[in-house]
Amino acid sequence: MKVLRKILLIVLGFLLGLKLIDLAVYKVLDVVYSRTLVGQNGGKLNYYLQMDTVPDVLIMGNSRLFYMLNPDSFHVKKGFNIGHAGMDQCFQNCLLSVIIDHKKIPSKVLLLIEPEFFMLADTTEFHSKDSQRLKYYYGDDSLVTAYVNEISRFERTKFFFESYRFFGRVINMMLNYLQTRRNLKATGNGFEGLPPTAQDSIRTEYSSKNHPKFKSYLNKGAERYLLDFLKLAENNGIKVDCITAPDYYKCDTTGLYPARRFLDSLFSSNHITFIDYQRNHPADIRFQDPAYWND
């Protein structure tokens, strides 16, 4: 018994030491994070949450809107592009939930819709992992917490260590913090245009030939994220307009018919404006020139 008790004391002491180290690391990283106002690992969201005025229109979506749509193009008093590259609808839900919790609620959201999202998942029990990008708010924001917990049964246990909230992003966060320090009075509308490069045409042509293959059925798990978003917006008095970004004209998107039928029906029944540039391609001849595309 004495040996067992000694072993238990050693284990408990070790865990206690780890926890104290964890808390110390978390406190330092938390200060750095809260003072970071640039970058897509929380800085851009921090900047938005610290803005004095809430924008009339908030643009939400992945890189196809982040790098494409300048809020200054709209005839509104103030717009902001809070797009995050590579993030799907699950992330947008979490992002909107955090914004609502912080009382920075816009009157309108322009949401990018990717029809591919509803047809690429392999299972109907689809749970996106993009909620982890906002795991800093785990335990504080109910939707972030719920979505993260859905990923696996072990997610809850990972947050025993508070510093896990910054897992995998410390280096980028430090770089973004230093950039913030150099531009303490950072201003902007969230939009970041991509400068042209000599490789744009090659990348675009390559991408058009390697378009992903779509499933032949809609994914109910993916549908749920969009329905959750619309309900969250409705409950908080936010008007939602939706848009698809155009594709390079050589991309074959004919397999997206089931997703388009679902979206058309959903938006029509809920009286939501849906501007579909994927089907109604802009007539501008430049949209057929690969030099005007990044990929």
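Trainee: At what angle do the axes of H9 and helix H10 cross, and how close do they come?
Mentor: The two axes cross at roughly 20 degrees and come within 13 Å, with H10 spanning residues 257-269. H9 and H10 are therefore roughly parallel to each other. Please keep in mind that this is a predicted model.

Trainee: What is the hand of that crossing?
Mentor: The crossing of H9 past H10 is right-handed.

Trainee: Which residues make the contact?
Mentor: H9 contributes Glu223, Leu226, Leu227 and Leu230, while H10 contributes Phe262, Leu263, Leu266 and Phe267. Sorted by class, these are seven nonpolar residues and one charged residue, with no polar ones.

Trainee: Let us turn to H4. At what angle does H4 pack with H9?
Mentor: The angle is about 20 degrees, and the axes of H4 and H9 lie 9 Å apart. H4 is therefore roughly parallel to H9. Their crossing is left-handed.

Trainee: Why is H5 described as largely enclosed by the rest of the structure?
Mentor: H5 covers residues 142-151, and seven of its ten residues are buried, so the rest of the structure largely encloses this helix.

Trainee: Which residues of H5 are buried, and what do they pack against?
Mentor: The buried ones are Leu143, Val144, Thr145, Tyr147, Val148, Asn149 and Ile151. They pack against helix H4 (89-101), helix H6 (155-158) and helix H9 (220-235).

Trainee: What is found at the start of H5?
Mentor: There, Asp141 places a side-chain oxygen within 3.1 Å of the backbone nitrogen of Leu143.

Trainee: A change of topic: where is Asp200, and is it buried or exposed?
Mentor: Asp200 belongs to helix H8, residues 200-209. Its relative accessibility is 4%, so Asp200 counts as buried.

Trainee: What does Asp200 touch?
Mentor: Apart from residues up to four places away in sequence, Asp200 touches Pro195, Pro290, Ala291, Trp293 and Asn294. With Asn294 there is a polar contact between the two side chains, at 3.5 Å. Ala291 is 91 residues from Asp200 along the chain, yet their C-alpha atoms are separated by 5.8 Å.

Trainee: And Asn176, is that residue buried or exposed?
Mentor: Asn176 is buried, its relative accessible area being 14%. This residue sits in helix H7 (residues 170-182). Setting aside neighbours within four places in sequence, Asn176 contacts Thr36, Val38, Gly39 and Gln40.

Trainee: I also noticed Lys103 and His271. What is the phi of each?
Mentor: Lys103 has a phi near 60 degrees, a positive value in a residue other than glycine. His271 is not a glycine either, and its phi is positive at about 55 degrees. Most residues other than glycine have a negative phi.

Trainee: Where do these two residues lie, and are they buried or exposed?
Mentor: Lys103 is in the loop between H4 and strand E3 (108-112), and its relative accessibility of 68% makes it exposed. His271 is in the loop between H10 and strand E5 (274-276), and at 72% relative accessibility His271 is exposed.

Trainee: Lastly, how many helices and strands does the protein chain have?
Mentor: The protein chain has ten helices and five strands. Of its 295 residues, 46% are buried. Among contacts with a separation of 6 or more, 78% join residues 24 or more positions apart. Along the principal axes, the C-alpha atoms fill a box of roughly 80 × 45 × 45 Å.

Conventions: Residues numbered from 1 in each chain as written. Predicted model: local features only at pLDDT ≥ 70, side-chain atom pairs only at ≥ 80, totals over all residues. Heavy atoms only, no water. Buried < 20%, exposed > 50% of the residue type's maximum accessible area, 1.4 Å probe, protein only. Helix = DSSP H or I, 4+ residues; strand = E, 2+ residues; numbered from the N terminus. Contact = heavy atoms within 4.5 Å. Polar contact = N/O pair within 3.5 Å; in protein donor to acceptor, adjacent residues only side chain to side chain. Axes fitted to C-alpha atoms, helices over the stretch in contact; angles between N-to-C directions. Parallel < 35°, antiparallel > 145°, perpendicular 65-115°, else oblique. Left-handed = near helix turned anticlockwise from the far one by under 90°. Nonpolar A, V, L, I, M, F, W, Y, C, P; charged D, E, K, R; others polar.
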